[in-house]
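Try each task before reading its solution.

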Amino acid sequence: MREFRNACGKFATGIVVITTEHEGVVHGMTANGFMSVSLDPNLILISIDNNKRMHSLLKESNKYAISILAHHQEKWSRHFSGSPQDDFIVEFKDFHGAKVIPDAVAYFETSVVSQHLEGDHTLFVGRVNHFECNEQDPILYWKGSYTKIN
């Protein structure tokens, strides 16, 4: 499994924080399993490990938001990837009723339209209800490390 993971790590990806709200509490998770699926209609997809808490939360909420992290937001990524930063205060921005990461590169607010169980992950396809982007550079993940566009 480690060799397969290393091979996939040769593909540079952006980093997103997936957020959803359940029973009035905002939950977030760092991921790089994100992609555009369709332009008409606007659909995006996230891939979530079936054993992660976010998996069950998404099945209940049927909605999620995506924040594509900017080059200076490594701390956000680390915080939501299971390494909480003690000195880090989490404050979300409201984006059409969804909670997103302030000052990110782009935001997507979605409603889940389908779920596909594939191996140890579930693919959640979301219809994009609202999106917004800016001209900042994103942070990238490549070969197990964070990097930036030069």
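Two strands pair if DSSP finds at least two bridges between them; strands (E, at least two residues) and helices (H or I, at least four) are DSSP runs, numbered from the N terminus. This is a predicted model, where local features need pLDDT of at least 70, side-chain atom pairs count only at pLDDT 80 or more, and totals for chains, interfaces and linings use all residues. Residues are numbered from 1 along each chain as its sequence is written, and side-chain values use heavy atoms, with hydrogens and water left out.

**Exercise 1.** Find which residues touch the most other members of the largest nonpolar core.

*Solution.* A nonpolar core is a set of buried Ala, Val, Leu, Ile, Met, Phe, Trp, Tyr and Cys residues joined through side-chain atoms within 4.5 Å. In this 19-residue core, the answer is I18, I46, I48, Y64 and I66. A separate core of eight residues includes W76 and I101.

**Exercise 2.** Is H55 buried or exposed?

*Solution.* First locate H55: helix α2. Buried means under 20% relative accessible area, exposed over 50%, partly exposed in between (1.4 Å probe, protein chains only). H55 has 9% relative accessibility, so it counts as buried. Next, list its contacts (heavy atoms within 4.5 Å): beyond four places in sequence, H55 touches I48, D49, N50, T122 and F124.
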